[in-house]
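Here is a short briefing on one protein model. Look through the sequence and the structure, then read the points below.

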Amino acid sequence: MLLDALIAVVIFSIGILGLVALQSSAIKLAGDAKYRTDAAMLADQVIAEMWANNAASRAAFITQYTGGSGTNGTAYTAWANTLDCASATAATGCLPGVTANPPVITVTPITTDTNDSLVKVTVNWQAPNDTGPHSYVSITQIGI
């Protein structure tokens with residue numbers, strides 16, 4: 001009878017360990033989903049600002065918003081400063097690891113006939129304990 005009780009305790013312990021592992025996995029996946037949602041929201045935020053922008057010309061628009069690879073525009077810098085949770089101007093949906101993995105905005109003119117541009121916003125982040133950075137990319141066409 002003691003052996004039966006011991007076997008029951010071992011089976012119960014294995015079940016509890018399995019539940020703890022599932023809970024840990026669920027928490028990590030929920031955190032990952034939150035970061036992806038925040039990245040999408042932050043990319044949509046800057047795209048909405050671009051739509052509302054009253055730039056004098058397409059060249060001025062490109063200068064204001066292009067950034068992430070050295071020379072950054074003023075609108076890009078103001079937006080990028082709100083992404084990092086450690087920043088004093090952090091947005092509500094800030095992301096970890098943005099300083100080491102800055103976002104990138106590229107603005108490419110589509111044609112010379114119109115003022116339409118193809119805008120690509122890449123938001124990067126790296127959660128604690130992640131081995132590498134993650135990215136969210138949004139592409140849209142904006143007319144100036």
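Asn101 is buried, with a relative accessible area of 13%; buried means under 20% relative accessible area, with a 1.4 Å probe and protein chains only. The model is predicted, so local features need pLDDT of at least 70 and side-chain atom pairs pLDDT 80 or more, while totals for chains, interfaces and linings use all residues. Residues are numbered from 1 along each chain as its sequence is written, and side-chain values use heavy atoms, without hydrogens and water.

- Asn101 sits in the loop between H3 and E1.
- A polar atom of the Asn101 side chain lies 3.0 Å from the backbone oxygen of Gly97.
- Apart from neighbours within four places in sequence, Asn101 is in contact (heavy atoms within 4.5 Å) with Asn124, Trp125, Gln126 and Pro133.

**Helix H1**

- H1 covers residues 2–52, 51 residues in total; helices are DSSP runs (H or I) of at least four residues, and strands (E) of at least two, numbered from the N terminus.
- From first C-alpha to last, H1 reaches 75 Å, close to the 75 Å expected at 1.5 Å a residue, where the expected span is 1.5 Å times one less than the number of residues.
- Among the buried residues of H1 are Asp32, Tyr35, Leu42 and Met50.
- The buried residues of H1 pack against helices H2 (58–65) and H3 (74–80), and against strands E1 (104–109), E2 (116–125) and E3 (134–143).

Terms used: Buried means under 20% relative accessible area, exposed over 50%, partly exposed in between (1.4 Å probe, protein chains only). A polar contact is a pair of N or O atoms within 3.5 Å; within protein, one must be able to donate a hydrogen and the other to accept it, and residues adjacent in sequence count only if both atoms are side-chain atoms.
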